[in-house]
Amino acid sequence: MSSTYILHYFDGGGRGEPIRWLFAYAGQDFVDNRIELREWPLMKPKTPFGTLPYVEVDGQVLGELGTILRFLARRFNLYGQNPWEEARIDEIMDFVKDRRAAYPRYVQAVFFENQPEMAAQAKADYIDQAPLTLKKLEEILAATKHGVLVGTQTSLVDISVAYYFYTLERFKKGILDDYPTLRDHGSKIWNSDGIQKWLRKRNLSFW
Ligand SMILES: N[C@@H](CCC(=O)N[C@@H](CS)C(=O)NCC(=O)O)C(=O)O
């Protein structure tokens, strides 16, 4: 019997959208439960750690974005072929997470606090911090020689960085033009059937 998946997150991108992209890329149906901010205070104490996202998989509950992504990627055979590849995926994911720290600040300012000046600063920081990250990813991609960041097959980290590139391009169109190999890498994921289908239907406010 196939599993059932429910994602609980706010009605926006933030920490929910990487999970939606993973489902979409894997061609896995899921219930996309979007929580209204006014519902949140009542719901918060019932969540695993007082935060979103969390998922329900066949009735079992799992919180924390990174944990959810790894758990799902393992199930969808998108988490490397051996423990070293898993570790390499984690390594790059952790690196990019640190380098993307301005994004949650942006979400906080836009969605939770309605603070346009703080949002503008976070957005500027996000863009300023990108070149070092992109340069490193370019080096990693060149070293594998297989058009993927780890091993020989597309994995969680390729999908996650493609989403990162997507958010960068939405903030500053053309930002990837100086990184043609990364732009091509992102395009392969963006143009995959699953992601194209998702982008057509997702109906998402941008943050
Ligand atoms: N470490 C957690 C952080 C989750 C988090 O802070 N989520 C935010 C939304 S992106 C949230 O739930 N904010 C509402 C709150 O903390 O009350 C994760 O990675 O999942």
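The model is predicted, so to speak of local features a pLDDT of at least 70 is needed, side-chain atom pairs count only at pLDDT 80 or more, and totals for chains, interfaces and linings use all residues. Residues are numbered from 1 along each chain as its sequence is written, and side-chain values use heavy atoms, with hydrogens and water left out.

**Strand β1 and its partners**

- β1 runs parallel to β2 (residues 31-35), joined by five bridges; two strands pair if DSSP finds at least two bridges between them.
- L7 takes part in both pairings: D32 stands opposite in β2, and V55 is its bridge partner in β3.

**The crossover and the hairpin**

- Helix α1 (residues 17-26) sits with β1 and β2 in a right-handed β-α-β unit (with the strands pointing away from the viewer, the path from the first strand over the helix to the second runs clockwise).
- β3 and β4 (residues 60-63) are antiparallel and joined by four bridges, and E56 stands opposite V61 in β4.
- Two residues lie between the strands of this hairpin, where D58 takes a positive phi near 50°.

**Around the ligand**

- The residues surrounding the ligand include Y9, F10, R15, P53, E64, L65 and F112 (near means that a heavy atom of the residue lies within 4 Å).
- Oxygen atoms of the ligand lie 2.9 Å from a side-chain N or O atom of W40 and 2.7 Å from one of K44 (a polar contact is a pair of N or O atoms within 3.5 Å).
- A polar backbone atom of L52 is 2.7 Å from a ligand nitrogen atom.
- The protein buries 77% of the 510 Å² that the ligand exposes when taken alone (Shrake-Rupley method, 1.4 Å probe).

Key: Polar contact = N/O pair within 3.5 Å; in protein donor to acceptor, adjacent residues only side chain to side chain.
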